[in-house]
Structures are given as C-alpha cells and as structure tokens.
Number of protein chains: 2
Amino acid sequence: MSGREFFTARTVAEALAGFRPARRTPVQTVPLAAALHRVPAAEVLAPAPLPGFTRSTVDGFAVRAADTYGASEGLPSYLDLLGAVRMGSAPEVSVSPGGCVAMPTGGVLPAGADAVVMVEFTAETMPGTIEVTRPVAPGGGLVRADEDVPAGAALVPAGRPLRASDLGLLAAAGVTDVGVHARPRVVIVSTGDEVVPPDTAELVVGQVRDATASALAALVTDAGGEPRVAGIVPDDPGALETTLRAVLPTADLVVVSAGSSVGARDETAAAVAALGTVWCHGLAIKPGKPTLLADCGGVPVVGLPGNPLSALVVFRLVGVPLVWRLAGCAVPPPEPSTRAVLSRDLASAAGRLDVVQVQLREGVAEPVFGPSALLSVLTRADGYVVVPEPATGLDAGVEVEVVLYR
Amino acid sequence: MSGREFFTARTVAEALAGFRPARRTPVQTVPLAAALHRVPAAEVLAPAPLPGFTRSTVDGFAVRAADTYGASEGLPSYLDLLGAVRMGSAPEVSVSPGGCVAMPTGGVLPAGADAVVMVEFTAETMPGTIEVTRPVAPGGGLVRADEDVPAGAALVPAGRPLRASDLGLLAAAGVTDVGVHARPRVVIVSTGDEVVPPDTAELVVGQVRDATASALAALVTDAGGEPRVAGIVPDDPGALETTLRAVLPTADLVVVSAGSSVGARDETAAAVAALGTVWCHGLAIKPGKPTLLADCGGVPVVGLPGNPLSALVVFRLVGVPLVWRLAGCAVPPPEPSTRAVLSRDLASAAGRLDVVQVQLREGVAEPVFGPSALLSVLTRADGYVVVPEPATGLDAGVEVEVVLYR
C-alpha cells in the first residue's frame with residue numbers, strides 16, 4: 001500500500017482537451033438500413049438535383065401566373081381546363097395562355113405554366129372552365145427542380161452521426177450505400193482477484209460478480225462502438241501486461257476496470273506504463289479520482305476505478321467522447337437533460353469536478369447519496385448534476401442542469 | 001379531389017391520451033448483452049443480498065471501533081497487527097480486542113471487527129504495531145452485506161427501458177438473462193404512383209425515390225422497434241387494402257406513408273376503414289394535418305402525410321410513443337433538448353400544435369422555413385420547437401425548449 005498513488009493528476013477539462021488520440025477507425029461502406037448513427041467519413045454529395053423536376057406543393061391547377069392577376073371573388077379569372085397531370089409521369093399537356101391543367105400535390109409542372117393555384121381558390125363552374133378567385137405569383141405553389149438540394153451540394157456532412165432524416169435525404173438522392181467509419185473496437189478488461197464472471201452461480205465469501213464490464217459494454221454500444229468483454233485478469237501486473245499485449249493489436253480502445261485497492265491500481269499503472277505512455281494517472285473528479293489515461297502504441301487505454309459506480313461516471317465523461325472521436329466524430333451527439341431546482345447544498349472542492357447522482361421529483365433534483373461502492377446509488381438515480389471545476393459547491397434552490405439516463 | 005378530407009379531426013394531446021392500444025408484444029428472454037434499452041416485463045428481484053458480505057470501502061485496518069475511541073494525533077491508539085485480508089477470499093484471522101487486520105478496499109470484514117480505519121489515519125510505527133490517529137465509529141469504512149440491494153428487493157423495475165447501470169446491477173446479482181417485451185414489429189408501407197425504391201438508378205420525370213420509409217425505419221429502430229419495409233403500393237385502394245390485409249397478421253404496428261394528394265389520402269383512409277376502425281383522420285398539427293390513426297383488429301395503424309418532412313414530424317410525436325407502448329413502456333425515455341432564445345416571432349393558431357424546425361447558433365434558435373415538401377428543411381435543422389396547442393404563437397426573444405436531433 002504505497003502512498004505514491006498518482007503519477008500525474010489532471011482535471012477533466014484538461015483530459016478532454018488534451019488527451020485526443022489521432023487514431024481513427026478505417027472507412028467501410030454500409031447500406032442505408034445499417035447507417036443510423038454511423039459517422040460519414042466524408043460529406044456525401046448529391047449526384048443530381050432534388051426533387052429533380054419543378055413540383056407542385058398543392059392540389060390545384062397549373063397556370064400562367066399572369067392569367068390570374070387581378071382575380072378576386074367578385075371578378076374571377078376564367079381558364080380553360082386543358083387536361084390533368086398524373087402522379088409519377090411527365091405531363092402530356094402544356095399550358096397555353098388562358099388555359100390551366102389539373103395538378104395533384106407532387107406532380108410535374110407542365111410546360112408553359114409558372115405557378116399552381118390552390119384548389120381552395122378555384123371552382124369548376126362549368127364543365128371545362130375553371131374559375132380562379134385569387135391571383136398567384138410566378139413560382140407560387142411549387143418547388144424548383146433543385147430547391148431541396150442542388151446537384152453537387154452536400155446531402156450530409158462528414159463527422160456528424162447520421163440521423164433518421166439524413167437517411168431519408170440519402171434515399172431520396174438514390175445514395176443507398178454510405179462510407180462511414182468502422183465502429184471502434186473497444187476491448188474491456190476486468191481485473192481483480194475478487195471478481196468473477198456474472199454467470200457464476202454461487203460465490204465464495206469475498207467474491208463479487210463483474211458488474212462493470214456489462215455496464216461499460218452498454219455505454220460503448222450507445223456511443224457507436226463495438227464492445228468486446230475480454231474477461232477477468234487477477235491482480236498481477238504480469239498477467240495484466242500479458243493480456244494487454246494480446247488485446248492491443250485488435251483494439252481501437254482498451255478499457256481496464258482496475259482492482260479497487262491502491263495496490264491493484266498501482267499494478268494497473270505499472271502494466272500500462274510497461275506498454276506505452278501514461279498521459280495521466282489521477283483525475284480531479286469525484287467519484288473517479290484513480291483514473292488512468294495512456295497511449296499504448298497509438299491505442300488509447302483508459303484505466304478506470306474499481307468501484308462500478310465510479311468507473312461508469314468516469315467512462316461517461318471521458319470514455320464516451322473517446323469512442324465517438326475514434327469514429328471520426330469530434331462532438332458527440334447530445335444527451336437528454338432537463339432543468340431542475342437543487343434540493344440541498346452540495347459541497348465540492350475548487351478545481352475538482354463533482355458528479356452527483358440525483359432523483360427528479362416534480363422539477364426538484366434530490367441528490368442520492370451513498371458510498372460509491374454501491375451500484376444501486378446509480379440505478380436509483382434519474383440522472384446526474386455536475387459541480388463544475390471552478391465551483392466550491394452549489395447552493396440549495398439554484399437551477400441546475402440534470403443529465404438524464406436513458 | 002373531394003373536399004371531404006377528414007372524418008374526425010383531433011388534437012395531438014387527444015391522440016396521445018386517447019389512442020392507446022391495449023396490445024403488448026410477447027415476453028422473451030434475452031441475455032444481458034442484448035438487453036440494453038429493452039423493456040422488462042416484470043420487475044427483476046435480487047435472488048440474494050448485495051454485496052453479500054460486509055465489505056470494506058477503504059484501504060486501511062479492520063478494528064473494533066471501541067479500540068479507537070479518543071485516538072488523536074497527540075494520543076494515538078496502538079493496535080496489534082494480526083494479519084491481512086486478501087481480496088476475493090474469506091478472512092483467515094479475526095480481530096480480537098486491541099488488534100487489527102490490514103484490509104484492502106473491497107475486502108471481507110473479519111469476525112470481531114466492526115469498522116475499518118482509513119490507512120491515511122494510521123502508521124506502522126513499529127513492525128507489527130499500527131498507530132491509529134483518528135477514531136472510527138462502528139460501521140465506519142464499510143458497507144453492510146445487504147446495503148446495495150437486500151434479497152428480494154427489485155433490481156430493476158418493470159416497464160422502464162434498461163440502462164447501462166441496470167445491466168451492471170443485474171450482472172452483480174448473477175441475473176444474466178432478462179424477460180423483456182419483444183421488439184414491436186413495425187411494418188412500413190409506402191404508397192404513391194410517383195414513388196420508386198431508393199435504389200432506382202434513373203428516374204422518369206415525375207418519379208421520386210422513397211425517402212420516408214428509410215427515415216421511418218430509423219426512428220422505429222431508435223424507439224426499440226423492429227422495422228420492416230414492405231415496399232411501395234400504387235395509389236389504388238384495392239391494392240393498399242390487399243397489402244394491409246397481408247401485413248397485419250405479422251405486425252404490431254402498421255405505418256402507411258400516404259400519397260401526398262388529397263385523392264391519395266382519401267384512398268388510404270378508405271382502405272384502412274375497410275379493415276378496421278378509424279380513430280381519427282386529421283390531426284391539429286402543422287405540418288402533418290392529414291394524419292390517420294386506426295385500429296385494425298387490435299393492430300394500430302398510423303397513416304402519415306405524403307411529404308417526408310410532415311411524415312417524420314408526426315411519427316416522432318405520435319408514432320414513437322406508440323412503439324414504446326407496444327413494448328410495455330408507458331413513458332418513453334427522454335430526448336435530448338436544450339434551452340435557446342427564439343430569434344423571431346412564430347405565428348400559430350390556437351388549438352393547433354406547430355412544430356418548427358430550428359438551427360442553433362450560440363444559444364439562439366433560428367427557425368428554418370421552407371415548404372414541407374423539402375426534406376432538406378429537416379436535415380438542416382438541429383432540432384425543433386413546439387408551439388403548444390393553446391398558444392397563438394411565440395414571441396421573438398422568449399426562451400424555448402429545443403428538442404435536439406441525434
């Protein structure tokens with residue numbers, strides 16, 4: 001139990017700004033149906049204009065706008081009905097002066113016309129004659145052939161995870177395969193002589209099942225990564241070093257949930273240091289102080305505290321942005337949050353980030369306290385409040401931002 | 001082009017409160033690794049207490065608390081070091097009066113001890129003798145055997161999608177399979193003579209590729225459903241009725257993205273009415289008015305407007321909660337959102353819900369206007385602002401809640 005617990009301690013802000021691996025996953029082509037939340041490696045350009053033809057946005061009649069000027073309820077314009085446009089095909093008639101063509105929403109504007117009058121402002125008073133009671137300007141009631149997206153313009157940007165509507169626009173443009181960054185392969189290594197697999201039926205006194213690996217895998221999945229649970233390594237620096245050496249070549253990120261004792265933490269640091277460069281050992285965060293960030297031959301390694309609660313708090317704040325970054329996304333998508341009134345004072349230390357679990361009750365955020373050894377503190381919470389690094393605490397009654405779990 | 005466009009129009013609030021199918025998907029057992037965001041059908045109870053033994057939360061020494069009373073820097077207590085607890089196994093020594101045992105964080109409290117003194121308040125001044133400089137109360141430095149979760153208590157509730165931390169707690173309890181509702185099977189039917197599959201290389205003038213189905217499938221996936229794109233049906237009530245009849249037996253929810261003309265919308269309503277009960281045709285929402293909600297033999301059917309933008313706006317508000325509900329989740333998980341200042345006045349009609357796409361620029365929400373025929377209005381937006389039903393508009397400068405796309 002040495003007191004030399006930390007090599008270099010950093011703030012969370014320093015870690016987010018400074019520990020930014022250059023590594024990116026390779027680019028692969030995936031079909032649209034598998035592209036949701038994936039990160040395009042380059043912007044995708046429109047091969048042709050959209051919608052591709054001048055298109056009616058209303059049900060009504062294609063006209064020459066000039067033929068409707070001055071039309072009113074009292075003095076309508078009368079136009080000859082020359083035919084009708086059918087959905088999905090080119091018009092078979094054109095609009096000559098004094099004429100009009102019936103148009104469904106989404107139909108192709110016939111030659112000669114420059115506007116569509118809404119059906120609400122028309123009446124077929126005599127068969128074959130349409131009465132127009134309101135004028136329409138050129139361009140009224142339609143969208144231009146390139147008004148949605150011009151040819152060559154970006155359909156979706158690079159580096160931002162694809163959203164549902166992006167997939168719609170890509171489909172509209174006929175882009176059915178997209179080049180995206182591969183899901184980062186995140187290898188999760190658990191350590192600890194006391195840790196046994198979750199499917200262990202009967203425990204010996206002193207053993208605990210591995211809670212952290214399952215929860216970390218879920219956070220990795222939500223961040224677009226591909227988790228691989230690599231099993232449990234005993235508290236032995238040689239064994240950990242051997243495991244790390246084996247998994248590093250197949251990983252884009254390695255996460256070690258360290259043993260919880262000081263000795264185990266020192267051993268993790270020693271094993272990692274033997275394989276690369278420790279960027280920091282110790283983060284100014286509560287809970288989660290004994291966090292390690294390292295680079296092992298281009299693969300980032302995150303060493304997490306032994307308590308599942310602390311490990312998950314740190315991984316959300318520091319690990320999740322790393323997973324997105326490895327896939328080419330600099331700004332992770334937003335998490336749900338809400339505003340609430342803090343029910344009681346929260347003390348903190350200046351320079352340290354405090355993450356406080358809270359329950360929400362009718363707009364009030366009530367801190368859930370308890371040792372960070374208790375995972376139920378986390379599962380009972382609706383979200384968390386951050387006491388930022390410069391603050392020495394938060395006062396009861398202030399409005400706080402609660403990041404919500406989902 | 002009949003004017004009889006709507007059977008029964010409703011507000012969105014009425015639809016959310018009143019259109020609540022009783023249908024639930026069956027329960028299936030899935031392994032933990034596949035259970036993220038799935039909805040447990042019943043609460044899962046702890047088969048045994050957690051952590052299962054009295055456990056140290058600090059590195060230090062197990063003691064009888066009484067032996068430390070009155071200890072101070074000036075007048076320490078001196079205790080005999082009787083041995084050490086190893087991680088993951090039962091203690092081999094017990095603590096007798098005047099004695100102590102070295103403890104790692106997470107170790108089992110030895111018999112005879114009732115507290116753990118942190119190593120920071122101790123020193124081994126002579127080999128075999130530990131000096132304690134601060135008193136500890138009984139129960140200090142440890143968690144009880146059932147302090148995380150007592151036996152028989154709920155590990156996770158029914159009806160709330162499982163979160164990362166829930167999976168951790170289930171793993172800790174040795175629960176590696178969970179009974180959850182099956183993913184709702186959502187069949188997506190596109191209609192329209194002008195609509196062709198996204199992989200159509202060359203379009204005839206007047207044709208458009210199906211944008212809506214791909215985007216809807218993505219929203220369904222995000223809501224925990226299993227989308228199935230059933231293809232494109234021409235604007236023909238007989239054809240749509242035949243398709244609906246074929247897909248209903250294999251669906252928990254059917255979504256029809258209707259043709260965009262009034263005629264096509266009427267045909268959708270007629271086909272659905274032939275197979276079940278139309279609950280509403282017409283929603284007081286902009287965009288998205290021509291929305292249809294129906295029940296066809298216990299399977300809810302949502303008829304969406306023909307414009308992709310309108311269809312996606314409505315499906316987010318009305319369809320996504322339905323998908324969650326079918327899986328047994330009454331309150332869908334929160335969406336990301338942020339507060340911003342509205343850049344300009346927004347007009348609306350009382351009784352109608354307006355959904356306005358916005359871009360965010362340094363805390364300002366700038367509406368993205370444009371015909372709802374343009375899908376790019378949606379892809380250029382960062383999120384949307386709702387003008388609620390009772391309001392006649394929102395004033396420039398007010399703070400609004402922006403629901404963010406992700």
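## How to read the model

Residues are numbered from 1 along each chain as its sequence is written, while chains are lettered from A and ligands numbered from 1 in the order in which they are written. Because this is a predicted model, local features need pLDDT of at least 70 and side-chain atom pairs count only at pLDDT 80 or more, whereas totals for chains, interfaces and linings use all residues; side-chain values use heavy atoms, with hydrogens and water left out.

## Chain A as a whole

Let us start with the overall outline. Chain A contains seven helices and 28 strands; these are DSSP runs numbered from the N terminus, with helices (H or I) of at least four residues and strands (E) of at least two. Its C-alpha atoms fill a box of roughly 100 × 50 × 40 Å along the principal axes.

Of the 406 residues in chain A, 55% are buried. Here buried means under 20% relative accessible area, exposed means over 50%, and partly exposed lies in between (1.4 Å probe, protein chains only). The chain exposes about 15,500 Å², with carbon and sulfur atoms supplying 54% of that area; such areas come from the Shrake-Rupley method with a 1.4 Å probe, and for residues only the protein chains shown count as cover. Chain A also carries 29 positive and 41 negative side chains, and the centres of these two sets are 6 Å apart. Lys and Arg count as positive and Asp and Glu as negative, leaving out His and the chain ends, and each charge is placed at NZ of Lys, CZ of Arg, CG of Asp or CD of Glu.

## Domains and contacts

The domain assignment divides chain A into domain 1 (12-26 + 182-326), domain 2 (28-50 + 152-180), domain 3 (55-143) and domain 4 (337-404). These bounds come from an automatic or database domain assignment. The centres of domain 1 and domain 2 of chain A, taken over C-alpha atoms, are 33 Å apart. Where these two domains of chain A meet, four residues of domain 1 are in contact with six residues of domain 2; contact means heavy atoms within 4.5 Å.

Helix H2 of chain A spans residues 164-172, and nine of its nine residues are buried. Among them are Asp166(A), Leu167(A), Leu169(A) and Leu170(A). After H2(A) comes Gly174(A), with a positive phi near 80 degrees.

Phe315(A) sits in helix H6 (residues 308-326) of chain A. Why does Phe315(A) count as buried? Its relative accessibility is 0%. Leaving aside residues up to four places away in sequence, Phe315(A) touches Leu216(A), Leu219(A), Val220(A), Val255(A), Leu304(A), Val320(A) and Val323(A).

## Backbone features to look for

Most residues other than glycine have a negative phi, and most peptide bonds are trans. Leu50(A) and Pro51(A) are joined by a cis peptide bond with omega about 5 degrees, and Pro51(A) lies in the loop between strands E2 (44-45) and E3 (55-56) of chain A. Another cis peptide bond joins Lys286(A) and Pro287(A), with omega about 0 degrees. Pro287(A) is in the loop between strands E19 (285-286) and E20 (292-296) of chain A.

Glu362(A) is not a glycine, yet its phi is positive, near 50 degrees. This residue is in the loop between strands E24 (353-361) and E25 (364-367) of chain A, and Glu362(A) is exposed because its relative accessible area is 87%. In chain B, Glu362(B) has a positive phi of about 50 degrees and counts as exposed at 85% relative accessibility.

Ser257(B) belongs to strand E17 (residues 253-257) of chain B and counts as buried because its relative accessibility is 5%. Not counting residues up to four places away in sequence, Ser257(B) touches Val189(B), Ser190(B), Thr191(B), Thr212(B) and Leu304(B).

Gly263(B) lies in helix H5 (residues 262-273) of chain B and is partly exposed, at 30% relative accessibility.
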